[in-house]
Amino acid sequence: MVFGTIPDNRGVKADAGVDPLVGRRLLHYDVLEKLGQGGMGVVYKARDTRLQRLVALKLVPAVQTGDRVQRERLVREAQTASSLNHPHIVTIYDIVRDGEVDFIVMEYVDGRPLNHLIPHHGLPVRHALEYAVQIADAVAAAHTAGIVHRDLKPGNVVVGTDGRLRVLDFGLAKLVAPELGDEGRTMAVLTEAGSVLGTCSYMAPEQAIGAVVDHRADIFSFGVMLYELLTGLRPFRGANQAAVIHALHYQTPAPIRDLAPGVPQALAATIDRALSKLPEARFQSMEELLAGLRAIAAQPNEAELLSSDQATGAPAAARSEADASSGGPAVRPPRVGSERASIAVLPFASLSSDKEDAHLAAGIAAELISALSGVPDLRVASHLASFRFHGAIPELSTVAAALNIRYVLTGSMRRAGSRIRVMAELTDAVPGVQLWARTYERGIEDVFAVQEEIAREIVGATGGQIIRAGSEQASRSAPESLDAWGLVRRAYHFWNHAWTPEGVEDALNLLRRAVEMDPGYAAARAFLGLYLIQRVVNFLSPNPLADMAEALSAADAAISLAPRNSEVLENAGLVYFNSGRYEDSVRVLTRAVEIAPFNLVAWGYLGLAHVWTGDDAQVGEGLTILERLLKTAPDHPSVPYWLYFKSSGCASLGRYEEARAAGLRSTELQPHFFLARLEYANALGALGQTAQAMAEINLVVAVNPTIQPDAVEQYVRLLSRTTERTERHLIGWRAAGWLS
């Protein structure tokens, strides 16, 4: 992910080519560019050369970490902050030292700071509330973990290109602040804007005079942020910092409804209470404040909130400009449909006393943490957070509660000579049920290669298990109890695990309801497009042209909403492929796997596009992709479809015996999947087994009597594009007598 602090309308890199660290390597991090600088240190964009991912490096000034006690405190507090595994908090991966310099390795978020997205007259009320709820949710999670931010401000919030909001620097201001007396703290505030102790305009009054602060200081800062989101103005202003601090203690902000008349009275009262001068007069917990915001957002009088962009007094031109500067609806935070799957990888146990074996086991777990971050819709506890449980592991339910996750991956490693055996287990920690377990044996001639290979195989398996578990949970819930995310997962279960023609209609109904519930949830639109086009290609559509047009429209809209969401891209890619747009399909599917290298579903669709529509070299490339998927993730829910894709690819090259074997296995795993059974029948006919081929075709027609051979032939011609390759997919049906 990415950490962006430079607004992209500047068109320049901050101090690029000037900073002496740019272009250097710190340990295994190549420093690419400087992103920003503050009192806490300098932030750089860097590439992790071991794990091949972009990260953000925050260098902590040596004067702040020069003594042993201070550095131990830094590490200890960073470990605590790294436990904040929350969808709206930027993750801390590690804290390391190069020479005398400490730097914190963080998630790198591709996006823009919130302060650059607030228009002159403030945001519409509904929009501001959506942001506020996400920020409050993140802060509440930090407070629960005992961490006070102390520098909440719009500049420390990034709105990602994926539409999700993240809060930066949780706990770090607290971590690196030197122990000063009251006078020292006051002078630090008065002389340095953006210092580690806070930013003056957003400080609580007690913080501004150097008094001891608690979580209620964050509540005050949050109130300042919400005031600014709605009005475009800070409530406490002055010609200099001393004047601002005076205003914090003695001035009352202008009533927010005077500046933004459309703000509901309940929301105005909430802000007034958060901005109380005395901590005891504010909300006493962020959870209490968050509950109030959610109640306001859910109030029946939707019209007041939805029309508040007009009530704020912002003219239409200004609103259009604000939409354009913020990327339009794509950057609006989703109300529902956030990720729900979360996992922690605990340190793998070494079953020997050799320290090298312990290092190897730790390396495998670290590789897994990195690799799992490439699985879409999955939040992964950081290395620092998970490795707190090194040694005696407590009950997995305790781990889940401490790290705020659901699934736990554990394992062990044993070495015998030049070979190692790794055992991995995936557990749903909430009910305490083991979902999957497997043992891997490898030689260790190349330790790093072995770590990576095992990690890839485990991630492939566990990613599929988590997909299956999430969809099964949604399928057991009443539809009316589900939000948009749950409706999408329930539709996925109908399509992938309970495949019937009736299930297709059920899935489409669920997805239409999800889009209606949350029009900005891109994945719901992408899945709707996918299942519409699947209704066409499975010959179940009452109006194929209309369904194809709606599918393409849904795919285009989903990409417009979330152009870097791998799950959106994977589904749109399949829509484009099945509509005969091979080049568009390959383009978006390639982008999907670049963004999320462990998105195995997207890899499978890329293989499918190549084996049907590419030239012979691309068909070979597609088959290589599919063989790797089938080998490394044999338990993935997509296996029946990958086998069908493989069968099609083998038929494209005239390798009918391989096509027959793959098609047979696909039909065994998914008996009602029409396309696999038809491909299997074609292979049988091409091999001279015409009676059996016709028997398989009759099974398809029995399940779907509307299927017609001329429609199937037309579909094959659309995808194959060349006469020679088309005939390879038709030869068996002709031999069996189904096609003339």
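Is Cys 200 buried or exposed? I'll start there. This is a predicted model, so treat what follows as a description of a prediction. In it, Cys 200 has a relative accessible area of 7%. The cut-off for buried is under 20%, so Cys 200 counts as buried.

Cys 650 goes in the buried group too, because its relative accessibility is 1%. While we are on cysteines: a search of the whole structure for disulfides gives 0.

Now the chain as a whole. The protein chain has 740 residues, and 57% of them count as buried. Its secondary structure comes to 32 helices and 16 strands. For contacts, take the pairs with a separation of 6 or more: 65% of those are between residues 24 or more positions apart. The accessible surface of the chain is about 28,800 Å², and carbon and sulfur atoms make up 53% of that.

Next, the cavities. How many of 30 Å³ or more does a search of the whole structure find? The count is 4. I'll take the second largest cavity, which holds about 70 Å³ of space.

What lines it? Two helices, H29 (674-686) and H31 (709-720), each give at least two residues to the lining of this second largest cavity. The residues around the cavity include Leu 675, Leu 678, Val 712 and Val 716. Trp 612, Tyr 644, Tyr 715 and Trp 733 are also in the lining, along with Glu 679. Sorted by class, the lining has 8 nonpolar residues, 1 charged residue and no polar ones.

Notes. Residues numbered from 1 in each chain as written. Predicted model: local features only at pLDDT ≥ 70, side-chain atom pairs only at ≥ 80, totals over all residues. Heavy atoms only, no water. 1 Å grid on protein atoms, 1.4 Å probe; cavity = no way out; pocket = protein on both sides within 12 Å on 5 of 7 lines; lining within 4 Å. Points joined across faces, edges and corners; volume = space filled by probe spheres on them. Helix = DSSP H or I, 4+ residues; strand = E, 2+ residues; numbered from the N terminus. Nonpolar A, V, L, I, M, F, W, Y, C, P; charged D, E, K, R; others polar. Disulfide = S-S within 2.5 Å. Buried < 20%, exposed > 50% of the residue type's maximum accessible area, 1.4 Å probe, protein only. Contact = heavy atoms within 4.5 Å. Areas by Shrake-Rupley, 256 points an atom, 1.4 Å probe, with all protein chains shown as cover.
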